[in-house]
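User: Please take me through the structure below. I would like the terms defined as they come up.

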Amino acid sequence: MDKTLETRQIFKIAGLAFLLNLILTLVKVPLAILTGSLAITASAIDSGTDAVASLVIYGGIKLSTRKTRSFPLGLYKLENVASVAISLFIFIAGYEIVKQIFSASDSLVKITPISIYLLAGSSLSIFLFGQYALRVGKKTRSPVLIAEGRHRQVDVLSSIVVLVSVLFSYFDLQTEIMGISIDRLGAALIILFIAKTGGALLSDGMRVLLDASIDFPTLEKIRSLIREEPAVDEIKSLIGRNAGRYRFIQAEIILNISDLEAAHKISEAIENRIIAQIPNIEKITIHYEPKVRTHDIWALPLSDKSGHISAHFGEAPYFVVLHLRTDNHTIDSQKFMHNPYCTVSTAKGIRVAEWLVDQKITHAGIKEDVSHKGPGYVLSSAGIKIRQISSKNLSGAVQEITAMG
């Protein structure tokens, strides 16, 4: 999803949350006054607290999208500040609910059917809105919307407790379980739910504010995406952090090529691969440096194992891989390999080039000019240098490439 569309959708939900909380507060306050119910009073306090929390959410999201000279990377962490604030509101609202439910009162409670209908409608609207906020929050990976959805789960539970309490008052039922009233049991459930939900939100928000790493599975997936690039010889470090719903990635890699232009293209290819498969990436910084090589690794096409150089790249039945020392230009070792794609009917040149890239070669010595063909593009994009040779046999080719240095 486009980043701008995501932000608009989050703004929309934050605005709807405030309107819902405001309406619920305006409905419950008169009900609390008319009925004298402590449970409805507690629920009105909860909704009023939620209205304030919704304003915090909206303001946090609004400010988080801004970038200034003082904050060039953006204020995305304000979403997490808002998430922490919501967790505190959850604890405060829970405390008020529990305090009101446990408060004893001898005053007459006057419950009417309309009160029950309004409270039931409130519970349903809170549940539906919470599910909607959670679904969009998980889709956009917005910590604020996920916090809002979890907050609504607390609200639904507390609303059910209030509704049950009101129903018992309406039907004049006095039910206890092991000497504990239904209201008190419901309050205990609210305390447990509040402790779990509020604690999780507070922990997640503080982890981001303290620059804790992004989750391990995501880091490992990014690591594997980097390793898919054949030119990457080593990943020296990989760091990722969250800021709001966005992710920032830093990596240090060693490339088995020395050409800076090719290295830059490889770095861009890695970035594009990560952005395509990992959502909500705001910035990727890849520091790359060439591997200090003691050998150049050459690949030459052969028509047979006796050492005759093949005039055709893709159709060559064999390749020889030579390890050429960079200090004195002598051959340390050579290895003959069967070309697994010499008999395929289509794109054999490109497949052979990709196969050679996987062999970590640095140079290709060939007779034909492939610079403007598929194999040439594959080899060049991997940072492999292509050299044309004129010798007909391996010994002559070795003299050529050692003379090239």
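Analyst: A residue is called buried under 20% relative accessible area, exposed over 50%, and partly exposed in between, with a 1.4 Å probe and protein chains only. By that rule Leu118, at a relative accessible area of 34%, is partly exposed. This is a predicted model, in which local features need pLDDT of at least 70 and side-chain atom pairs count only at pLDDT 80 or more, while totals for chains, interfaces and linings use all residues. Residues are numbered from 1 along each chain as its sequence is written, and side-chain values use heavy atoms, leaving out hydrogens and water.

User: Where does Leu118 sit?

Analyst: Leu118 belongs to helix H4, residues 113–140. Helices (H or I, at least four residues) and strands (E, at least two) are DSSP runs, numbered from the N terminus. Together with Ile114 and Tyr117, Leu118 forms a nonpolar surface patch with about 320 Å² of accessible area. Such patches take residues with over 30% relative accessible area and no salt bridge, joining nonpolar side chains (Val, Leu, Ile, Met, Phe, Trp, Tyr) within 5 Å and like charges within 9 Å. Areas come from the Shrake-Rupley method with a 1.4 Å probe, and for residues only the protein chains shown count as cover.

User: And Ser115, buried or exposed?

Analyst: Ser115 is also found in helix H4, but its relative accessible area is 1%, and therefore it is buried. Leaving aside residues up to four places away in sequence, Ser115 touches Leu31 and Thr35; a contact means heavy atoms within 4.5 Å.

User: Let us zoom out. How many helices and strands are there?

Analyst: The protein chain has 11 helices and 10 strands. Of its 405 residues, 46% are buried. Among contacts with a separation of 6 or more, 66% come from residues 24 or more positions apart. The chain exposes about 20,300 Å², 59% of it supplied by carbon and sulfur atoms.

User: Helix H8 next. What is its span, and which residues in it are buried?

Analyst: H8 covers residues 260–277, and its 18 residues reach 26 Å from first C-alpha to last, close to the 26 Å expected at 1.5 Å a residue. The expected span is 1.5 Å times one less than the number of residues. Ala262, Ala263, Ile266, Ser267, Ile270 and Ile274 are the buried residues of H8. Seen down the axis, these fall within an arc of 140 degrees, so they line one face of the helix; the arc is that of the directions from the helix axis to the C-beta atoms.

User: What about H7 itself?

Analyst: Its 12 residues should span 16 Å, and the end C-alpha atoms are 16 Å apart, which agrees. Thr218, Leu219, Ile222, Leu225 and Ile226 are buried in H7. Down the axis of H7 they lie within an arc of 120 degrees, so they line one face. They pack against S3, S4 and H8, whereas Phe216, Pro217 and Arg227 are exposed on the other side.

User: Changing topic: how many salt bridges are there?

Analyst: The whole structure contains seven salt bridges, each a side-chain nitrogen of Lys or Arg within 4 Å of a carboxyl oxygen of Asp or Glu. One of them pairs Arg273 with Glu229 at 3.7 Å, N to O. This pair links distant parts of the chain, 44 residues apart: Arg273 in helix H8 and Glu229 in the loop between H7 and S3. Glu229 is buried, at 8% relative accessible area.
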